[in-house]
Amino acid sequence: MSLFSRRDFLKLSGLALAASAFSRFDLPAIVSNGLVILYHGSRNFRKVAIAFDDCWHPKVLDQLMGMVAPYPGFHLTFFAIGDAILIGETLSPGIWKRIYQSGHEIGYHTMHHTDMMSSNDMLADFDQWINVLQQVLGFLPEVHFAKAPGNYVSKSFEILCSERGLVDTRYSIGYEAETVDEGLLYATRTQNGDIVQMHTYQDPPHGRFDVEITAKVVPYLAGQGFSLVTMSQLYDDVLRDQINSNGCDKGTGQSLTRTCIE
């Protein structure tokens, strides 16, 4: 078995989704002119992806990893700002290696948390961001998912995703709230395949309860039978729905994390 290259990923995504892009109302993803937009995962599998934007405060990142560690197979996705990657590495050397080696996923969230760029500048921004990530990890990782700052998706951001083979990632629910109880109430509305938006801020007014809410939400979701998976795992199920993939373990089909091409 081998992991997908970025070219294989986009090719299989298009093959899997393009034929049915307009066949039903509640689409998890849409493919158009090489751009893949993901709104949520499969509604057929009891899995959820919790995605943390920005990723300041390495102590918070360690806390979040600690919250899911007692649950085998539970992982998170971190849409990290490039500046936050550099600062986190300075404050807590090796933090990003620990994140990656623990099975969590890292996604693109721009270098400086801005999407107001030309398409050429946007491409250069991603290249700078991926170089920073390579610098702290010590190798060049596969990055498949991108999230626009403030969820504002510009034409430049769409061009970037198409050119670099990234999935334009949206979200279907958020647990952020003014109180922990309110955040837990939002979690009771979780559906199969939801992409959950959260942040890692410690200071008011934005996301100051995200850590406390997550501490309550993780055992709640586990008790409800949900698995917490990375964006790649969630998207794998979307492909599985569309092309009936069982992966290479059974010698059939194709998926994001397993390939039978070779």
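Colleague: What covers the buried residues of α8?

Modeller: In this predicted model, the cover over the buried residues of α8 includes β3, α2, α7 (180-187), β9 (195-199) and β10.

Colleague: And which residues of α8 are the buried ones?

Modeller: They are Asp210, Val211, Ile213, Thr214, Val217, Val218 and Leu221.

Colleague: How many residues does α8 have, and how far does it reach?

Modeller: Helix α8 has 14 residues and reaches 20 Å from its first C-alpha to its last. That is close to the 20 Å expected at 1.5 Å a residue.

Colleague: What happens just after α8?

Modeller: Gly225 sits there, with a positive phi of about 85 degrees.

Colleague: You listed α2 as part of the cover. Which residues of α2 are buried?

Modeller: Pro58, Val60, Leu61, Leu64, Met65, Met67 and Val68 are the buried residues of α2. They pack against β3, β4 (77-80), α3 (82-91), α4, α8 (210-223) and β10 (227-228).

Colleague: Let's zoom out. How many helices and strands are in the chain?

Modeller: The chain has nine helices and 10 strands. It runs to 262 residues, and 51% of them count as buried.

Colleague: On to the inside. Which residues touch the most other members of the largest nonpolar core?

Modeller: That core holds 54 residues, and the ones touching the most other members are Ile50, Phe78, Trp96, Trp129, Leu133 and Tyr175. Helix α5 (residues 119-137) supplies the largest share of this core, nine residues.

Colleague: What is Ile85 in contact with?

Modeller: Leaving aside neighbours within four places in sequence, Ile85 contacts Ala80, Trp96, Trp129, Val132, Leu133 and Val136. Trp96, Trp129 and Leu133 came up above among the core residues that touch the most other members. As for Cys55, it is 30 residues from Ile85 along the chain, and their C-alpha atoms are separated by 7.6 Å.

Colleague: Switching to charges: how many salt bridges are there?

Modeller: The count comes to nine salt bridges. One of them joins Asp237 and Lys47, with the closest N and O atoms 3.1 Å apart. That pair links distant parts of the chain, since Asp237 is in helix α9 (residues 231-243) and Lys47 in strand β3 (residues 47-54), 190 residues apart.

Colleague: Why does Asp237 count as buried but Lys47 as partly exposed?

Modeller: The cut-off for buried is under 20% relative accessible area. Asp237 counts as buried because its relative accessibility is 2%. Lys47 has 25%, so it counts as partly exposed.

Colleague: What about the salt bridge of Asp62? Which side chain does Asp62 meet?

Modeller: Asp62 meets Arg98, at 3.4 Å from N to O. Asp62 lies in helix α2 (residues 58-68) and Arg98 in helix α4 (residues 95-101), so the bridge ties together parts 36 residues apart in sequence. Asp62 is partly exposed at 31% relative accessibility, and Arg98 is partly exposed at 30%.

Colleague: Last one: which residue does Arg164 form a salt bridge with?

Modeller: With Asp127, the closest N and O atoms being 3.0 Å apart. Because Arg164 lies in helix α6 (residues 155-164) and Asp127 in helix α5, this pair ties together parts that are 37 residues apart in sequence. Arg164 counts as partly exposed at 23% relative accessibility, and Asp127 counts as partly exposed at 29%.

Methods: Residues are numbered from 1 along each chain as its sequence is written. This is a predicted model: local features need pLDDT of at least 70, side-chain atom pairs count only at pLDDT 80 or more; totals for chains, interfaces and linings use all residues. Side-chain values use heavy atoms; hydrogens and water are left out. A nonpolar core is a set of buried Ala, Val, Leu, Ile, Met, Phe, Trp, Tyr and Cys residues joined through side-chain atoms within 4.5 Å. Buried means under 20% relative accessible area, exposed over 50%, partly exposed in between (1.4 Å probe, protein chains only). Helices (H or I, at least four residues) and strands (E, at least two) are DSSP runs, numbered from the N terminus. A salt bridge is a side-chain nitrogen of Lys or Arg within 4 Å of a carboxyl oxygen of Asp or Glu. Contact means heavy atoms within 4.5 Å. The expected span of a helix is 1.5 Å times one less than its number of residues.
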